[in-house]
Amino acid sequence: MSEPILSVKDLRKSFGGVRAVDGVSLDVQPRETVALIGPNGAGKTTFYNMISGRMKPTAGSVRFQDQDITGLPPHTISRLGISRSFQINNVFTELSARQNVEVALTALHRKHFSMFRPASRNRAIQEEADAVLERLGLRHLSDTRAGVLSYGDKRLLEIAIVLATRPSLVLLDEPTAGMTPEETRHVTQLIKSLAASGDYTFLITEHDMHVVFDLADRILVMHRGRRLAEGTPEEIKADPEVRQAYLGEEEVA
Amino acid sequence: MPALLVVLLAALAALPYFAPYFYIFVATEILIMGLFAASFNLIFGYTGMLSFGHAAFFGMGAYACALLLLHFEVSLLTAILGAMLASTLLAAAIGFLSVRLGEVYFAMLTLAFGMMVYAVAHQWRSLTNGSDGITGFRLTEFGLGLDLQLFNPAVYYHVVLVVVVLASLVLYLITRSSFGLMLRAISENPERVAFCGVNERRHRLVAFIIAGLFAGLAGALFAPFNRVASPDMVHWTQSAEPVLMTILGGAGYFLGPFFGAAMFVLLETWITSFTEHWMLLLGIALALLVMFFRRGVLGTLLDKVTGR
Amino acid sequence: MRTARVASRLAPLAVAGIALAAAFGSTTQAQEGDPIKLGAIYITSGAASVYGQYAQQGLRLAIEEINESGGVLGRPLTYEIEDSQGKADTAIQAARKLVFQNEVDALVGLDSSGVATALVPIMPELQRPLIITHAATPAATGELCNRYTFRVSANVNQNMKAAAHIAADTGAKRWTTIGPDYAFGHESWEFFGKYLKELDPDVELMSKTAFPRFGNEDFTPYINNVMALKPDGVLISVWGGDLVNFVRQANNLGFFEQDMEILMTVGAATEVLAALGDDMPEGVWLGTRYWFDAHDNPINEKFVKAYMERHDAPPSYNAEGAYAAVYAYKAAMEKAESTDPEEVAKALSGLSFEAPNGTITFREGDHQATVGPTWGKTAAMDEATGVRSLDPMRSFDGKEVTPSVEETGCKMK
Amino acid sequence: MQSFIAALLNSLDIAMLLFVIAVGLNIIFGVLNVINFAHGGLYMLGAYFTYMLVGRLGLPFWPALLLAPLAVAAVAVVLERLVLRRVYDRHVTDSLLLTFALLLIIDESVRMIWGSGIHVVRPPDLLRGNVSFLGVNYPVYSLFVILMGAAMLLALWALFTRTRLGRIVRAAAIDRDMAQTVGINVPLVITGVFAFGAWMAAVGGVIAAPMRAIDPGMGDKIIIESFIVVVIGGLGSFPGTLLGALVLGFIHGFGGRYLPEINLVLPYIGMALVLLWRPQGLMGRGAAA
């Protein structure tokens with residue numbers, strides 16, 4: 001087995017007396033797609049928040065590409081190559097779709113302190129913005145204000161921002177939540193092709209089990225802040241504990 | 001389209017030749033206050049930080065300029081540059097302490113730090129001459145070997161016009177730049193920006209310092225204009241003026257603060273002749289604007305015109 | 001982009017605005033029977049607006065009296081008032097507006113010394129006579145003096161010289177002060193000390209003093225401080241709402257029951273006395289630039305009577321100052337037989353005229369009116385006016401308390 | 001020693017008045033997430049209503065202590081329903097600006113109604129004069145202020161921790177949506193909290209009326225002080241408000257006495273030091289606002 005790109009050891013987070021995440025460990029191999037599932041309140045988002053720097057863990061460690069990133073601020077973690085999307089839409093509504101992507105690209109190209117030159121004059125940024133928008137099928141909406149985009153397009157734009165930072169590890173928080181079946185299919189295909197390109201490693205939370213089983217190489221099941229099970233989709237489907245605690249509630253095909 | 005901007009500038013340049021004498025003073029004040037408000041809008045409209053202590057930098061500029069003119073008899077240009085340096089340093093110090101905190105705290109903190117500067121200006125009598133402020137400084141020369149009669153209000157107006165136009169141009173370029181894009185993104189969602197790999201706090205600090213620098217420039221133009229630098233220029237009510245002007249004009253537009261400054265100064269000039277209760281009208285106008293016309297007068301007008 | 005569009009929409013607006021401004025600014029040449037215009041600059045908004053209110057009452061009364069008796073040079077008088085907000089820069093804009101836009105013939109006003117020190121130096125640019133009626137900083141008729149600037153009210157110098165006389169007569173030796181922490185408070189103490197030392201070299205001016213900030217709410221720490229010092233006498237230059245706070249808190253602490261001489265430099269301002277009523281203790285020395293009950297002459301009698309009829313309260317010093325200034329202009333314009341600002345300014349210099357507080361002369365050397373303040377010791381409540389009466393009372397002659405021109409530092413330009 | 005005790009007692013009475021006023025500001029912030037600039041104006045209204053009731057109508061002080069704050073709370077209900085309500089779902093700066101507009105309106109209205117003169121209210125006979133306390137002459141009225149402050153402190157503490165109403169308000173403060181879903185009438189709670197905060201400001205105004213000059217500038221003076229208290233103590237923290245008020249009270253009480261040269265700047269220095277050390281205020285709850 002190769003070195004894991006992300007190695008989480010015994011991560012804990014408590015709020016007051018409540019343990020939201022209680023000693024979870026996880027190794028993610030490069031170019032792998034790992035799904036993180038569990039019922040609401042299982043601690044998935046808190047887990048994400050600690051990896052991406054939004055919250056400081058109470059205990060435990062997070063290593064990324066052989067570097068300890070535990071408790072680093074989000075912008076540093078992002079710069080190291082971890083990018084995340086959010087459960088609720090988190091695009092810049094007052095900016096155009098293209099500008100949303102430009103924000104991420106400006107950071108990537110270290111032009112964020114460029115005082116007098118607009119991003120729209122930077123060839124590299126423009127070409128990349130075109131490419132990212134093209135890839136997500138948003139090119140025709142470039143100049144539309146993000147606030148007036150459809151819900152599905154906003155979710156896509158969210159992913160576009162994530163990809164624009166050229167991450168090696170992508171954390172997607174329910175990427176297809178609230179999407180139409182058509183949009184869901186589109187996004188699933190997109191993630192699949194990105195994964196197949198070999199440039200990205202994915203960590204995904206998702207409620208839609210079809211999507212999970214379709215995408216994941218490996219699944220981590222969380223329940224009440226703890227690791228309940230871990231394995232291939234087949235193993236997880238077969239796990240009686242998981243079925244009882246979680247899958248039983250959902251109609252598994 | 002730029003043609004119309006040229007017409008506007010030409011009209012402003014020609015103003016002393018056709019407007020009544022008093023309006024040279026009014027226009028000078030509008031330009032200076034417009035720049036002050038525009039500098040405020042860099043952090044308010046573009047970065048989403050409501051500062052109630054912006055007068056600290058305006059006042060710092062005014063005091064530094066007045067002191068340099070008084071004690072060192074430097075040229076106006078040198079005094080202005082010195083004033084900008086002083087306000088930049090002050091903005092760096094206050095900004096460092098303030099931008100770390102959330103918006104509500106930020107508003108209260110900037111207010112309190114502004115009052116701290118006020119208290120110093122008031123109490124450090126050996127330097128600032130206390131409540132009386134600094135007067136009696138002389139304008140000798142502009143600098144750069146230019147022979148300008150700075151005591152002539154029309155000449156001073158032209159100096160202010162050139163400086164304000166240049167400064168606005170720089171501010172405009174900043175708002176349009178990559179950095180400006182970052183600020184707009186931060187004003188909407190600082191966290192998302194951080195997750196793009198940008199230290200948003202440092203951006204807010206830099207924006208705060210730039211705003212302080214230009215506020216200092218406005219203050220440095222204001223002191224020679226009124227021949228005084230006094231603690232009133234640092235008081236929190238002075239900080240409220242760019243806030244009001246920006247809301248009045250429209251924070252979402254680069255020229256909004258200038259428009260707001262023009263409305264504010266002209267209305268103040270006219271209304272105070274009719275009523276002592278101009279503050280009441282101002283309060284009602286502000287409340288209505290915030291409740292119903294969030295885009296400001298200029299913004300609302302333009303929305304009507306463009307049918308947005 | 002949007003901004004370019006904005007600019008394009010804005011240009012015609014701005015041009016329209018300038019045109020509008022030009023329309024507003026259209027002026028007409030003054031005609032023969034047109035009113036003579038006075039421009040007044042006072043604080044008419046905010047916490048200290050009571051001073052602007054009183055001044056305006058004095059102005060209005062004088063102007064109506066004069067107009068009823070035929071005006072000045074056959075022309076009626078009128079006035080326009082602008083708010084200084086107590087701020088130097090606002091006052092300067094106000095003065096520019098009055099002179100260049102409203103084209104007033106002369107200026108009166110100024111409530112704060114900060115405003116005076118800023119405005120006086122630019123009077124040569126405005127080229128109108130200015131009579132200061134309230135601001136007391138010696139600089140206005142001292143090192144800043146110029147040929148356009150006059151002051152009808154007593155300044156800190158005059159008031160403190162009088163205070164020093166009162167203080168010396170009490171025999172108290174160790175003095176300290178409680179004053180507002182700005183120019184007025186510090187200057188008052190400085191001049192008081194200087195003149196008291198001249199009168200009685202034995203006095204001790206204590207190095208421990210109390211200067212609470214202007215607008216302070218709780219004076220207790222300062223009062224306790226001073227009481228702990230056990231001085232023989234205390235000069236109190238706190239004024240306005242602050243003085244009301246001060247006196248009531250001092251009452252609570254038994255400050256006035258100590259064995260100390262108390263001098264309040266502007267304690268006899270009627271707005272303060274009326275607010276305090278009998279909370280103002282007996283046996284305290286109060287100073288004022290004008291006391292309605294102190295001058296036995298027909299003009300004062302007429303002024304006080306007319307004022308009381310209108311406002312049901314005795315006139316304050318600020319009302320009297322503004323009232324006197326109007327009569328000063330009347331006298332000067334009649335002397336010059338012109339309303340030309342240069343001529344009027346010339347006529348004012350050295351002019352003597354009758355005011356409620358006696359015959360007033362604007363000294364040629366520095367343009368300060370040779371007036372003296374009134375000091376009195378608080379006595380029984382005066383039921384008719386609702387303020388404490390002053391007994392004994394001493395009105396100082398201007399000649400007695402006005403320092404020589406050389407001392408003021410004025411070099412008339 | 002005596003002067004030390006005098007300064008100590010004086011600090012306490014300044015602190016208690018500041019506490020009564022600032023705690024209303026902080027409660028409003030805690031539940032509404034609104035920094036109420038108009039708080040100083042409401043305090044001033046409390047003092048002016050007292051002047052009307054006691055000075056003009058000749059009522060004794062005690063009923064005024066009851067009536068004036070109720071009248072101010074009624075004004076607050078109107079302001080909340082007509083004005084503030086419209087901006088809760090917007091950016092925080094909007095509510096800041098709106099309350100700033102209200103401050104301008106209240107200030108100027110007070111001047112239009114009562115003029116710009118100075119007014120005073122007499123303390124009730126019971127509270128006049130001095131008592132000797134540890135060798136220090138101390139005004140009875142200042143003792144009353146301290147006792148009132150302490151009583152309010154205890155009552156508030158009991159209200160928030162011991163009653164159902166207090167729990168409802170705290171629930172609304174922590175999570176408005178959650179409170180709504182468990183059946184709390186949140187809009188009513190919000191109106192109530194705003195009125196309650198205004199009531200507290202007005203109680204401060206009534207208490208201040210017999211010892212401070214009532215003039216149109218009194219509201220502006222107190223609002224900056226209240227901000228400092230809240231910043232030092234910590235936004236949204238009830239014990240923090242008490243601590244902040246004590247800190248500022250001591251700065252005034254001792255600063256005026258022992259460091260007069262820099263007394264103006266002292267509160268801000270104190271504030272800056274606290275922020276350098278603990279940016280969220282002494283007892284603030286974590287990442288600020």
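**Entry 1: a bridge in chain C**

I began with C:Thr374 and looked up its bridge partner in β14(C), which is C:Ser395. I'm working on a predicted model, where local features need pLDDT of at least 70, side-chain atom pairs count only at pLDDT 80 or more, and totals for chains, interfaces and linings use all residues. Residues are numbered from 1 along each chain as its sequence is written, chains are lettered from A and ligands numbered from 1 in the order in which they are written, and side-chain values use heavy atoms, with hydrogens and water left out.

Strand β13 (residues 374-382) of chain C pairs with β14(C) in the antiparallel sense, over six bridges. For strands to pair, DSSP has to find at least two bridges between them. The strands themselves are DSSP runs (E, at least two residues), as are helices (H or I, at least four), numbered from the N terminus. The hairpin of β13(C) and β14(C) has four residues between the strands, and there C:Gly386 takes a positive phi near 75°.

**Entry 2: the whole sheet**

Then I followed the sheet across. Seven strands of chain C make an open sheet, ordered β7-β6-β8-β9-β10-β13-β14, with mixed pairing. I noted β7 (204-205) and β14 (387-395) of chain C as the edge strands, each pairing on one side only. A reminder to myself: strands of a sheet pair through backbone hydrogen bonds, either parallel or antiparallel.

At the β7(C) end, strand β6 (residues 174-178) of chain C pairs with β7(C) in the parallel sense over two bridges. I found C:Trp175 standing opposite C:Leu205 in β7(C). Helix α8 (residues 220-229) of chain C packs on the sheet and touches β6 and β8 (233-236) of chain C, where contact means heavy atoms within 4.5 Å. The direction of α8 makes about 175° with that of β6(C); axes are lines fitted to C-alpha atoms, for helices over the stretch in contact, and angles run from 0 to 180 degrees between N-to-C directions.

**Entry 3: chain A against chain B**

I moved on to the interfaces. Here 35 residues of chain A are in contact with 27 residues of chain B. The two chains bury about 2,800 Å² between them, with 63% of it on carbon and sulfur atoms. That buried area is the accessible area (1.4 Å probe) lost when two parts are put together, summed over both.

I counted two salt bridges between chain A and chain B, taking a side-chain nitrogen of Lys or Arg within 4 Å of a carboxyl oxygen of Asp or Glu. In a salt bridge, the side chains of B:Glu191 and A:Arg54 meet at 2.5 Å, N to O. On the chain A side touching chain B, α3(A) gives the most, with six residues.

**Entry 4: chain D against chain B**

How many residues does each chain put into this contact? Chain D gives 47 and chain B gives 42. About 4,000 Å² is buried between chain D and chain B, 79% of it on carbon and sulfur atoms. D:Leu97, D:Phe100 and D:Tyr268 supply 14% of the area that chain D buries against chain B, more than any other three residues.

I looked for salt bridges between chain D and chain B and found zero. On the side of chain D that touches chain B, α4 (92-114), α9 (218-233) and α11 (266-277) of chain D each supply at least two residues. Of the elements there, α4(D) gives the most, with 15 residues.
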